[in-house]
Amino acid sequence: MTDKYTQIVSGGLGRDVARKLGLPQPVLLRRYQPGAPLISGPVLVNGDSAGADDLATTLLGWGLDVRRNALPKEKLGAIILVLDSVQHPEDLGKPVLAVGASLRDLAPNGRVITVSRAPQGTSSPATAAARQGIDGLLRSLAKELRSGATANGVVLAEDLATTSPSALGAVRFFLSGRSAYVDGQFLSVTSAAGRMPAVADKPLAGKVAVVTGAARGIGAAIARTLHRDGAKVVLVDIPAAGDHLAEVANQVHGTALQLDISRSDAGQRIIEHAVERHGRLDIVVHNAGITRDRLLANMDQGRWQSVIAVNIAAQLRINEALLASGHFKDAPRIVSVASTSGIAGNRGQTNYGASKAGVIGMVRSTAPLMASFGGTINAVAPGFIETEMTARMPLAIREAARRLNSLKQGGQPTDVAEAIAFLASDSAGGISGEVLRVCGQQLVGA
Ligand code: NAI
């Protein structure tokens with residue numbers, strides 16, 4: 001689905017008219033293209049800790065144009081604010097205000113990234129206050145940025161270096177066009193596991209990935225993105241979607257598996273197909289989902305149960321089969337699609353909200369089980385994404401949902417897919433049990 005308004009006001013006369021009338025001014029977002037530079041323009045690494053020095057040195061090694069001090073009037077591609085050693089809220093002022101002075105020089109579609117430590121990792125109330133303060137600071141700053149620029153943060157466990165593999169993986173993700181629709185969010189890195197890919201543009205080379213609900217919408221975009229990143233893809237969808245499924249499977253040179261994931265043997269069927277056809281199974285993306293909206297006062301048993309069955313019970317059962325099989329043991333990855341409705345709630349979606357919040361609970365509780373195989377499990381929580389599902393919303397509600405976020409536009413299926421591809425990659429090996437919102441920093445709800 002296209003958002004014509006964004007196309008009209010993102011340049012020329014349309015932009016001038018929107019500005020004069022005070023209308024929302026979304027811009028076309030910078031999205032990832034293989035081979036394109038990670039970021040255009042210099043990257044200012046602000047902070048005087050050893051962690052800031054180390055990170056700046058690594059970014060130089062990536063071929064980025066790194067600055068430790070801002071030059072007057074120079075357009076910046078990104079600003080990285082390293083706050084890994086703050087001990088008191090009063091420590092925040094100097095580095096944060098220095099970044100403030102550079103914000104007017106941030107290029108359109110630029111990036112601000114904080115690198116800090118988890119508040120839970122200290123017993124000092126003052127240090128915890130300073131670390132937690134970065135949360136409020138970053139989320140507020142993200143709401144101030146314009147022209148497609150975003151602000152996101154990397155939160156490190158106590159003993160992790162700013163250059164640990166997944167800290168670098170997360171910084172790279174946030175710098176790149178892969179995170180175009182991720183705004184005002186944090187990724188926590190809890191272990192030193194993971195490694196940067198040998199070939200930056202093929203981070204999933206050699207992996208076999210299963211994507212459920214892959215016949216259309218976000219699932220089809222996930223299959224295309226994982227294929228582009230080098231994975232062999234097994235595409236799963238219900239038999240009724242068989243034609244579309246075969247079409248997408250052909251496009252990505254993958255294999256199609258017609259299967260209702262709520263069947264009790266779905267996990268077994270998925271494992272057998274992947275192992276028989278491709279010899280292994282590394283990544284499972286639980287994307288298939290349904291809505292059956294009704295106010296709770298009007299909710300019937302069928303609507304309630306079908307949503308719970310497809311959106312969460314099936315995932316639980318498939319995960320049990322995966323963990324019990326001997327085929328999912330080589331640093332495996334599970335990425336589940338939740339929803340901002342499972343975080344903030346949504347009128348008419350008690351069933352859907354319960355199922356998607358359930359996904360978040362499942363992910364947190366499954367993370368230690370996956371860790372015993374050197375694996376990870378994470379969720380992405382999309383906000384308003386331009387798909388057939390959202391195209392069916394009444395016009396006024398759709399237009400409001402589309403604009404009520406910091407980027408003033410809906411996301412594309414590819415934005416969700418890019419976040420999933422990152423979490424499925426080796427460079428995210430130190431990130432587990434996390435929920436990453438892909439919502440342009442939705443302004444309503446949590
Ligand atoms: P969609 O309705 O366009 O596609 C869902 C796919 O899942 C369809 O191909 C469908 O046939 C398949 N599917 C449904 N039940 C299945 C079953 N029992 N077994 C196998 N496949 C089944 O939906 P869309 O928009 O692409 O959403 C994908 C996921 O993203 C869902 O989990 C949805 O809840 C979630 N999501 C979507 C948002 C949006 O704005 N579009 C926002 C937040 C979350």
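**Note on the ligand site and the nonpolar cores**

1. In this predicted model, an oxygen atom of the ligand lies 3.0 Å from a polar side-chain atom of Thr 387. Taken alone, the ligand exposes 830 Å², and the protein buries 94% of that (accessible areas by the Shrake-Rupley method with a 1.4 Å probe).

2. Local features need pLDDT of at least 70, and side-chain atom pairs count only at pLDDT 80 or more, while totals for chains, interfaces and linings use all residues. Residues are numbered from 1 along each chain as its sequence is written, and side-chain values use heavy atoms, with hydrogens and water left out.

3. A polar side-chain atom of Asp 260 is 2.8 Å from a ligand nitrogen atom, and an N or O atom in the side chain of Lys 356 is 2.9 Å from a ligand oxygen atom.

4. There are 27 residues around the ligand (a heavy atom within 4 Å). Arg 216, Asp 237, Asp 260, Asn 287 and Tyr 352 come nearest.

5. The largest nonpolar core has 70 residues. Such a core is a set of buried Ala, Val, Leu, Ile, Met, Phe, Trp, Tyr and Cys residues joined through side-chain atoms within 4.5 Å; buried means under 20% relative accessible area (1.4 Å probe, protein chains only). Among the residues with the most contacts inside this core are Leu 59 and Leu 235.

6. Leaving aside neighbours within four places in sequence, Leu 235 is in contact (heavy atoms within 4.5 Å) with residues including Val 211, Leu 245 and Leu 257. A second, separate core of 36 residues includes Leu 259, Val 284, Ile 360 and Ile 377.

Key:
Buried < 20%, exposed > 50% of the residue type's maximum accessible area, 1.4 Å probe, protein only. Polar contact = N/O pair within 3.5 Å; in protein donor to acceptor, adjacent residues only side chain to side chain.
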